[in-house]
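I opened my notebook to look up a few things in this structure. Here is what I wrote down as I went along.

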Amino acid sequence: MSLQVIQPRIRGFISLTAHPDGCAANVREQIETIERGDLQGSLGTALVVGSTTGYGLASALATCFGYGAKTLGVGFEKAPSEDKPGTAGWYNAAEASRLAKERGLTYRTINGDAFDAATKQEVVDALKGGDFGPVDLFIYSLAAPRRKGADGTIWNSTLKPIGQPYDGKAFDLRSETITTASIEAATDEEIESTVKVMGGEDWMDWLQTLASAGLLAEGARAIAYSYIGPEVSAPIYRRGTIGKAKEHLEETAPAADALMKQHAGPSAAAWVSVNKSVVTQASAAIPAVPLYMSVAFRVMKDQGVHEGVVEQIVRLFHDQVGPGIEPRVDEHGRIRLDDREMADSVQVVVAESWANLSDETMPLLADWEGYKEDFAKLFGFGVDGVNYDAPTEVDRPLNA
Ligand code: NAD
């Protein structure tokens with residue numbers, strides 16, 4: 001038992017605290033959206049790597065609460081301690097597991113480094129352990145800052161331009177003013193390291209691990225998430241180090257697909273889904289991207305086409321990869337959930353707003369308040385119905 005009063009301690013693009021009740025309420029809200037999402041059919045076992053926040057959390061919730069799947073997740077979170085709350089992802093997973101148990105469903109999270117062979121083995125053991133079984137759906141939603149190799153080598157993921165420095169608009173989160181970000185071009189080593197962390201190698205490692213253990217069910221599907229984004233963020237995102245990693249991930253998809261078909265039959269498949277930009281811990285850390293998102297959200301809300309994480313994932317399952325549904329893919333074989341964000345009707349207005357963006361025009365052209373609300377909510381703050389002055393139990397079990 002450890003009762004604590006938890007207030008937000010937001011520092012730039014991270015929060016040092018997370019509120020268990022706020023995170024729990026967010027999870028319940030996502031489940032309600034999933035339940036309204038008219039998802040048809042059922043799924044046996046789902047494995048989600050990167051399941052505790054963002055796109056992975058919404059995906060894991062959709063498999064369990066939308067399709068009744070036995071859902072196993074992997075995340076890298078900090079447990080609560082005597083004097084500190086746990087991370088948001090810890091509380092998200094804890095609430096999902098608690099609710100699943102209450103409803104007679106199975107939702108378990110393994111907390112460990114997804115790159116580590118020991119974590120992969122723990123997953124294999126859990127899948128073989130009787131509660132789960134071979135995987136029908138594998139979702140890879142990892143957003144990691146670094147990767148540790150078996151020999152102790154550390155690769156870091158950097159967010160830098162390639163070839164030339166980036167000098168462009170950004171937003172100073174502390175002073176809340178528009179500034180110019182100057183970021184030097186990445187070295188070859190930084191590019192390679194970023195690809196090592198966020199490219200397709202570990203996705204394939206996971207698939208090979210599952211295949212060797214005989215844990216891919218007949219007709220199993222695998223999906224990994226990517227992002228492209230518009231021209232305004234391209235120098236730092238798609239043409240930058242992270243873009244190289246995403247290219248690598250996308251280029252891995254044909255090999256992933258072949259592996260799936262070899263081990264799980266001709267109807268098995270692997271795809272990359274290109275999702276829209278949403279407020280998550282990972283996207284908040286990318287220079288200029290929070291500012292771009294606040295402009296894009298303004299335009300998309302005005303046009304009635306805005307979606308958050310869970311709405312994107314409901315659409316992914318409902319229209320593209322739910323049981324029995326064949327996805328429509330682009331000329332590179334990718335699922336495109338970013339179609340609404342990338343529509344000319346949105347991007348022409350975004351580009352115009354971006355060009356005219358200043359401290360004076362910001363309140364009109366950008367939804368910065370909305371961005372901040374979404375960001376605080378990631379950590380369980382600013383959530384309706386939560387009493388932030390009351391002590392709350394921070395010691396919550398990851399798995400009920
Ligand atoms: P996020 O930060 O919300 O989630 C990352 C997840 O990865 C968390 O569950 C975290 O615990 C887990 N994780 C990080 N390092 C780990 C490790 N070493 N071992 C195990 N788990 C680890 O991120 P997100 O924005 O939801 O990103 C998920 C994926 O979606 C990424 O591939 C990202 O590029 C992609 N994507 C994101 C956006 C966006 O705008 N946020 C858009 C399109 C695609």
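**Entry 1: a loop residue.** To read the labels, I noted that helices and strands are DSSP runs, numbered from the N terminus. I also reminded myself that this is a predicted model. Where does Ser 277 lie? I found Ser 277 in the loop between strand S13 (269-274) and helix H8 (281-284). Is Ser 277 buried or exposed? With a relative accessible area of 6%, Ser 277 is buried, because buried means under 20%. I then listed its contacts, leaving aside neighbours within four places in sequence: Tyr 227, Tyr 292, Met 293, Phe 297 and Glu 341.

**Entry 2: the nonpolar cores.** A friendly rule to keep in mind is that nonpolar side chains tend to be buried together in soluble globular proteins. I looked up the largest nonpolar core here and counted 85 residues in it. Leu 47, Leu 127, Phe 138, Tyr 140, Trp 203, Trp 206 and Leu 207 have the most contacts inside this core. Helix H9 (residues 289-302) gives the largest share of the core, nine residues. Another core lies apart from it, with 37 residues, including Ile 34, Ala 100, Trp 271 and Val 310.

Which residues is Trp 206 in contact with, leaving aside its neighbours within four places in sequence? My list reads Leu 47, Val 49, Val 74, Ala 114, Lys 120, Val 123, Phe 138 and Tyr 140.

**Entry 3: the cysteines.** How many disulfides does the structure hold? I found zero. For Cys 23, the nearest cysteine sulfur is that of Cys 64, 18 Å away. A disulfide needs the two sulfur atoms within 2.5 Å, and Cys 23 is in no disulfide. Cys 64 is in no disulfide either. I checked burial too: Cys 23 is buried, with a relative accessible area of 0%, and Cys 64 is buried, at 1%.

Entry 4: I turned to the second largest pocket, which has a volume of about 610 Å³. Its lining has 24 residues, and the closest to the pocket centre are Gln 30, Val 309, Asp 374, Lys 377 and Leu 378. Which helices each supply at least two residues of this lining? I wrote down helix H1 (20-35), helix H2 (54-67), H9, helix H10 (309-321) and helix H14 (368-378). Sorted by class, the lining has seven nonpolar, 11 polar and six charged residues.

Key
Residues numbered from 1 in each chain as written. Predicted model: local features only at pLDDT ≥ 70, side-chain atom pairs only at ≥ 80, totals over all residues. Heavy atoms only, no water. Core = buried A, V, L, I, M, F, W, Y, C linked by side-chain atoms within 4.5 Å. Buried < 20%, exposed > 50% of the residue type's maximum accessible area, 1.4 Å probe, protein only. Helix = DSSP H or I, 4+ residues; strand = E, 2+ residues; numbered from the N terminus. Contact = heavy atoms within 4.5 Å. 1 Å grid on protein atoms, 1.4 Å probe; cavity = no way out; pocket = protein on both sides within 12 Å on 5 of 7 lines; lining within 4 Å. Points joined across faces, edges and corners; volume = space filled by probe spheres on them. Nonpolar A, V, L, I, M, F, W, Y, C, P; charged D, E, K, R; others polar.
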